There are 2 protein chains.
Amino acid sequence: MKKHHIYPTLKKHLEKGHIKSLLKFCDALHPADLAGAMEKVPVSETVRLFDKVGPRCASKVLSHMGSGDQANILPELSDADLSEIINEMSSDDRVDLIRIIPHERRQKLMQMLSRAEREDIIRLERHSEGTAGAIMTSEYIAFSEDITVREAMDIIRLEAADKETIYFTYVIDKEHRLFGSVTLRKLILAKTETKVRELMHLDPVRVRVEDDQEIAAGKMKKYDLLAIPVTDDDEILAGIITHDDIHDVIVEEATEDFHRFGAVIHEPPDLNLSMGQAGIWTMIRKRLPWLLILVFMNIFSGAGIAYFEDTIEAVVALVFFLPLLIGSGGNAGAQSATLMIRAIAVGDVKLKDWFGLLGKEVSVAIGIGMIMGLAVSLIGILRAGPEVAVVVAMTMILTVLFGSLVGMSLPFLLTRLKMDPASASAPLVTSIADIGGVLIYFSIATWYLRDIIAASGGV
Amino acid sequence: MKKHHIYPTLKKHLEKGHIKSLLKFCDALHPADLAGAMEKVPVSETVRLFDKVGPRCASKVLSHMGSGDQANILPELSDADLSEIINEMSSDDRVDLIRIIPHERRQKLMQMLSRAEREDIIRLERHSEGTAGAIMTSEYIAFSEDITVREAMDIIRLEAADKETIYFTYVIDKEHRLFGSVTLRKLILAKTETKVRELMHLDPVRVRVEDDQEIAAGKMKKYDLLAIPVTDDDEILAGIITHDDIHDVIVEEATEDFHRFGAVIHEPPDLNLSMGQAGIWTMIRKRLPWLLILVFMNIFSGAGIAYFEDTIEAVVALVFFLPLLIGSGGNAGAQSATLMIRAIAVGDVKLKDWFGLLGKEVSVAIGIGMIMGLAVSLIGILRAGPEVAVVVAMTMILTVLFGSLVGMSLPFLLTRLKMDPASASAPLVTSIADIGGVLIYFSIATWYLRDIIAASGGV
């Protein structure tokens, strides 16, 4: 079925009151497609549909919506309907939804949930945003090492309906401490009377509840895991993180790096409404702080220029090359920072590599600077004569070198200070390169053009 | 076991010739950890280890290494050893490895492989980099709809050892056309005499061999899939893509966007050696083209300045504020572009939203511009008197507005032209904002300060 046919078909069934066809139609669709169709329709229609398809289907559709769309729909659902939907949701999606419900309503809804669900939410909600605990689910399968494969398979069959995954099961002791894992693959290939103990992988890779979600994503990627167990301080199994949640983490981390690099303040995921929905004031708050900091940095460039006022008055043509030269230094710096931040993020480059890379960066930057200096000096000769051309060419080499070194060193320095290397944003690198560029340019000009400046009556 | 203990322990076993302990030790380790330990040791040691542990273990370790490390080790392995290792590798990892072997040696190795492996490589290698076909594996399980669950489970048990996943199986007709999928979960929960036909999901989500790998990643994320089938033009099942390969695609796409945004030429993954390994000339080639293009754009800024030479000569203090004003426009533009590129990448913003966002961006930019204008005009008064302060404040509002509009519109425009929105790199946006900033600044100054300029003998 073509995506854009979904909504018209739904509407037809709803209007004609063909509830049976409607349910059959929804059943055949993937909840993600239904959620996609709902994005384009008025909220009232979605509520009407939810009412017809029942809480189980509604819970799946709601789970597949973005938090912005969810936030629009929630106020329109009655407390009774919403609590039924929440009861049906999977443990981790439920907590994500609960987080965007205003405090008062949340209290009311919690009272309407069944006790097991309520306790599960409270347990999961304790963990702060961005930690492994916050994205884990409590719907996993665990058993003791003493049982046979046949018994394990019985448990899996019995519990499958409520669990996020049955492909990975965990082995725990009497105190619920994690000490093994076994895949369904192994269970299926083994003889039915084999003990789980003989099949299990001892001491499986795990993360702690308080670990950053990025650590969980990193381990899952490194070991090609579809699920990773999460334990608390006493090694007690608290939950598991499944592959679908990690997808979101990777995208979220990439977005975070991107935002930092673009000098935008990145907000935690649940406040991070889509651009279309964020208010004007939210946008200003995300953007203004860095802009103001950068303005004050740029004042140093201005001060540098003021210091060389005599040089400029004597050879006004120098100003012509100013944007070009400091721009090139900034651009080369932004490039270096880009390569370095990404290399650190994907684990290509470690702190200890800094010295080795420094030598190479110097060679690369001098190479680039010389080619660009040559190109620019041709313009320099045409526009302002050979003396200025020499100044421009020398400046180009040195500003590109300076910008590149700033761009490559700043992400390292930030990592050293336990900050995100992407905080070495393009605008920050550019601003620092600007200050250096101004000083380099006019210092060289003042020295190399000293006769011309003296002749024009300057110092 | 702590990671940094792996190598010393290995070395000890190797030196003492304790092959049995060595094999036991390696067996207990995850191949990813062994690969990690190998990164730090001389190539000759790795080759020695590969020799001892045998081709099966070596193939797993090699699969977990980056292409840079692989490229270092391959020349040191004999053709006989390497062909055995290749035989043992999984279908998709094998093709990735073959791609980095020089042509002549590749021909020789291909002759040494078993026929089935050779044909599999040739079939997979046909697909160009970046397509679904290039990352799929041919190691999947498929059967007909007529068999029972019991028969399906027998097939799964029989074929499990050679398959990437047994959790997802596919249903094909006599011509090998894909028409259904069934999860192991469903098979396990069903009665053994049930026909696969009754359990299967009809018409499963799929991608085509020639689709971009990003499309596969998008569908797997949207539908929470662990594996997605890949079909050719005749709907014939050609392979499947599993979650571990998609991890790499997501990271790769994020890196690509990041590199584009930083104005670095992004190279396809197999050339994309880690930073430590890329040669100086490779780095220059990745960085120089954009820098040169931007230099020529910056000449327009210079030309703008040249046009206003009289204004500058009359009020040299104006130059003091130049980096600050055009810097702020560029920074605001880089921020807008960042938010927009990322919102387009994660699907938050569609082409049709442009007009709606434009109105909001104008409000946000004017808000930011006014606050920054106010801050800067205070410095203006102190440094250059009230007239220049007014010019600076007005310019700040207009350049921030101009930069922001460029930053938000360029990614849309590029998407429209079927280009990657991230090609609206920070340096490109900054350079365009610079040109606008120079013209706005000196136009306002020339107009507002006309009396002062006239008095100083200008036009």
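First, the ground rules. The model is predicted, so local features need pLDDT of at least 70 and side-chain atom pairs count only at pLDDT 80 or more, while totals for chains, interfaces and linings use all residues. Residues are numbered from 1 along each chain as its sequence is written, and chains are lettered from A and ligands numbered from 1 in the order in which they are written.

Start with the contact. Helices here are DSSP runs of H or I, at least four residues; strands are E, at least two; both are numbered from the N terminus.

Now chain B. Strand 6 (residues 227-231) and strand 7 run antiparallel, joined by five bridges. Pairing takes at least two DSSP bridges. B:Val230 sits opposite B:Gly239. The two strands make a hairpin with five residues between them, and B:Glu235 in the turn has a positive phi of about 65 degrees. Is strand 7 (residues 237-242) mostly covered or mostly open? Mostly covered: six of its six residues are buried, meaning 20 or more other C-beta atoms, placed from the backbone, within 10 Å of their own.

Last, chain A helices. Helix 6 (residues 79-88) packs on helix 8 (residues 103-112) at about 65 degrees, axes 9 Å apart.

How values were computed:
Buried ≥ 20, exposed ≤ 12 C-beta atoms within 10 Å, placed from the backbone. Axes fitted to C-alpha atoms, helices over the stretch in contact; angles between N-to-C directions.
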